[in-house]
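Please consult the sequence and the structure shown below while reading.

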Amino acid sequence: MSDRTTVVSQWLASAHPVPSAARQEWAVGGLAMLPTGRAFDTVRIAAAIVHAAAQSGDAGAVGAYLARTLDGPVIHDAYAASVWYYALVPPGSRTHHDTPDAQLLTPETTWLGVPAPHRTTRPGPYWLHPPRHREDHCLPAGVDSVIRLGRRRAAGHAVATGPDLTAIEGLCRGLLGGSPARAETLSLKAATDSTLRARGCLMVLVPTLQDTEFRLPTDDPARSRVLLGVTEAHRQLNATSESADLSEQYAHAQRLARCCLDTVQLLRVLAAPGGPQ
């Protein structure tokens, strides 16, 4: 690990109440759940907005555009048809963004899936632009500029405002297509990749579930179901499987996949006319 990566790892891990837990999550699965509002705040931007601003959906073109405009670390969520980009901004940044397609994630109550500093390729969420040093943040004015320009250019077109539930459901059902008993036919790499895919899907779903909980009235009976869903999702994301037994590794991936499917079902029920019964 380079000196830069070590310094950046220490800074990002400092956002976690127990920094060693973040480092352990990176070592095991390549992703760590970190709270916003400590080392950084985060603005989540729909891919449709970013791509409209960059006038391209090509990763290289988008990356070059954001490097010029934001000059800071950006996470790209590579699952579910590239739904989100996450721009890390200084803690306490003042922004008026609170819409489905661009939102400052609520500090101290939102936990973001943050890739390990060296993770700059798929599968799963990865750094489109990793932090270069401690306290490296995007320019808030640049974030505002991307959102304003993207909205103008996307006017008259449908904007993606949430994860592709059908794509996530299909991927997770595929992970559940076998059984732990067939794990002996898998390599450790395949079992680990299954876990990363399931974790990536769940990390895509958690912000949407948190948004749903935030927007529901406090006296809505559905709110307790959403809170339980958020709690279970975090429990599964924080669980680790360090066993060298492939059956256990495969079972771990399946537990994550089942949690994804339960979350997808809950989101669909909440989105249906009349909400949950």
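In this predicted model, helix 3 and helix 5 lie roughly perpendicular to each other, because their axes cross at roughly 85° and angles of 65 to 115 degrees count as such. Helix 3 spans residues 47-54 and helix 5 spans residues 140-154, and their axes come within 7 Å.

**Contact of helix 3 with helix 5**
- From helix 3, the contact is made by Ile49, Ala52 and Ala53.
- From helix 5, the contributing residues are Val146, Ile147, Leu149, Gly150, Arg151, Arg153 and Ala154.
- By class, the residues of this contact divide into 7 nonpolar, 1 polar and 2 charged.

**Contact of helix 3 with helix 4**
- Helix 3 also packs with helix 4 (residues 59-70); their axes come within 9 Å and cross at roughly 80°.
- Helix 3 and helix 4 are therefore roughly perpendicular to each other.
- Val50, His51, Ala53 and Ala54 of helix 3 meet Val62, Tyr65 and Leu66 of helix 4.
- The contact of helix 3 with helix 4 comprises 6 nonpolar residues, 1 polar residue and no charged residues.
- Ala53 takes part in the contact with helix 5 and also in the contact with helix 4.

**Contact of helix 1 with helix 2**
- The axes of helix 1 (residues 3-13) and helix 2 (residues 19-29) come within 8 Å and cross at roughly 120°.
- Helix 1 and helix 2 are therefore oblique to each other, since 65 to 115 degrees is the range counted as roughly perpendicular and over 145 as roughly antiparallel.
- The crossing of helix 1 and helix 2 is right-handed.
- Ser9, Leu12 and Ala13 of helix 1 form this contact with Pro19, Ala22, Arg23 and Trp26 of helix 2.
- These residues divide into 5 nonpolar, 1 polar and 1 charged.

**Cavities**
- The structure contains 2 cavities of 30 Å³ or more.
- The largest cavity holds about 80 Å³ of space.
- Its lining consists of Ile75, Asp77, Tyr86, Leu112, Gly113, Pro125, Met203 and Val204.
- At least two lining residues of the largest cavity come from each of strand 3 (74-77), strand 7 (111-115) and helix 7 (188-215).
- In terms of class, the lining of the largest cavity has 6 nonpolar residues, 1 polar residue and 1 charged residue.

Notes. Residues numbered from 1 in each chain as written. Predicted model: local features only at pLDDT ≥ 70, side-chain atom pairs only at ≥ 80, totals over all residues. Heavy atoms only, no water. 1 Å grid on protein atoms, 1.4 Å probe; cavity = no way out; pocket = protein on both sides within 12 Å on 5 of 7 lines; lining within 4 Å. Points joined across faces, edges and corners; volume = space filled by probe spheres on them. Helix = DSSP H or I, 4+ residues; strand = E, 2+ residues; numbered from the N terminus. Nonpolar A, V, L, I, M, F, W, Y, C, P; charged D, E, K, R; others polar. Axes fitted to C-alpha atoms, helices over the stretch in contact; angles between N-to-C directions. Parallel < 35°, antiparallel > 145°, perpendicular 65-115°, else oblique. Contact = heavy atoms within 4.5 Å. Left-handed = near helix turned anticlockwise from the far one by under 90°.
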